[in-house]
Amino acid sequence: MAVDHPSVVPCFGVHPWFIAERTPGWLDTLREHFVSTPSAAVGEIGLDKGSMAKHIDFADQVDVFRQQLELAKELERPTSVHCVRAFGELFNIMKSVGPFPDGVFLHSYMGSAEMVSELAKLGAYFSFSGFLMDMKSQKAKKMLKSVPPDRILLETDAPDALPRSDLGSLVSVEGTPSIPLDKSKEPDSNDDSKASTGTKEASALPKESLNHPANLHIVLTYASSLLEISEEELARLSYSNPTRLFSYEGSKVINDM
């Protein structure tokens with residue numbers, strides 16, 4: 001897809017769920033992928049203390065994550081980060097390795113509003129998906145409003161994170177979810193948000209329904225209402241911010257903003 005569509009950015013990285021499967025020379029292999037594909041970013045990498053990773057050694061996760069962050073900084077590439085119930089550890093590692101002038105975007109961010117400022121100083125971007133709708137609205141509003149406008153990103157996390165919506169505007173795909181919706185993003189221990197259950201409206205769909213990238217407009221509408229700005233203004237930000245982030249040297253993304 002990236003060959004035919006310049007807007008599609010390839011990414012390489014070892015996800016925390018799969019670190020046990022890595023080979024002895026995994027880091028050299030990963031580096032070779034970036035040499036052969038100079039347009040690639042780093043990711044998805046990260047830390048996970050949730051149920052999906054309960055059998056994966058956390059110290060091993062930390063080691064693999066740190067090495068990949070160091071590689072991303074060396075290569076001057078943006079990095080996609082997955083984090084579940086480990087934001088304290090994430091911050092400490094980013095602080096010791098960073099800052100990251102080329103950006104670290106925290107995918108489907110579900111951390112606290114209080115952490116945003118310090119993470120942003122290190123180069124973090126904050127990407128919000130349909131999981132935002134499973135938080136209490138006041139907490140979600142506080143979190144969103146704590147993010148600098150030039151660091152806000154939107155995503156669907158498709159095929160997961162089926163958002164709340166009237167069925168008439170929700171686009172779904174038949175299939176088997178890659179991970180259970182109620183376990184894909186678990187709140188931190190100090191997070192009073194509910195674990196994602198697909199939502200009342202989405203649960204009316206067949207159980208095998210998956211999220212679709214076309215549902216980005218639903219996330220946009222909800223986030224703009226919490227931020228109390230127009231959908232047009234948030235759409236502009238959610239286009240200009242990733243365009244700037246991904247228009248690094250070697251990338252095929254053109255920063256036309």
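Let me start with a term: on a 1 Å grid over the protein atoms alone, a cavity is a set of points where a 1.4 Å probe fits but cannot get out, and its lining residues have an atom within 4 Å of a point. Grid points are joined across faces, edges and corners, and a volume is the space filled by probe spheres set on the points.

Hello everyone! What you see above is a predicted model, where local features need pLDDT of at least 70 and side-chain atom pairs count only at pLDDT 80 or more, while totals for chains, interfaces and linings use all residues. Residues are numbered from 1 along each chain as its sequence is written, and side-chain values use heavy atoms, leaving out hydrogens and water.

How many cavities of 30 Å³ or more are there? The count comes to one. The largest cavity has a volume of about 50 Å³, and its lining includes Ala2, Pro6, Tyr248 and Val253.

Now to the sheet. Strands (E, at least two residues) and helices (H or I, at least four) are DSSP runs, numbered from the N terminus; two strands pair if DSSP finds at least two bridges between them. Six strands form an open sheet in the order E1-E2-E3-E4-E5-E6, with parallel pairing. At the edges sit E1 (11-12) and E6 (152-154), each pairing on one side only.

Let's follow strand E2, residues 41-48. Two bridges join E1 to E2, and Cys11 stands opposite Ala41. Towards E3 (residues 79-84), E2 pairs over five bridges, with His82 as the bridge partner of Gly46. Seven of the eight residues of E2 are buried, meaning under 20% relative accessible area with a 1.4 Å probe, protein chains only.

And the helices? Helix H2 (residues 58-75) packs on the sheet, touching E2, E3 and E4 (104-106), and its direction makes about 155° with that of E2. Touching here means a contact, with heavy atoms within 4.5 Å; the angles, from 0 to 180 degrees, are between N-to-C directions of lines fitted to C-alpha atoms, for helices over the stretch in contact. Helix H6 (residues 216-227) lies across E5 (124-128) and E6, at about 145° to E6.

In helix H3 (residues 87-97), the buried residues include Phe87, Phe91 and Met94. Among the elements covering the buried residues of H3 are H2 and helix H4 (113-121).

Finally, confidence: pLDDT is the predictor's confidence in each residue, from 0 to 100. The chain mean is 88, and 85% of residues reach 70 or more. However, pLDDT stays under 50 over residues 178-184, and is below 50 over residues 186-200.

How values were computed
Buried means under 20% relative accessible area, exposed over 50%, partly exposed in between (1.4 Å probe, protein chains only). On a 1 Å grid over the protein atoms alone, a cavity is a set of points where a 1.4 Å probe fits but cannot get out, and a pocket is an open set with protein on both sides within 12 Å along at least five of seven lines; lining residues have an atom within 4 Å of a point.
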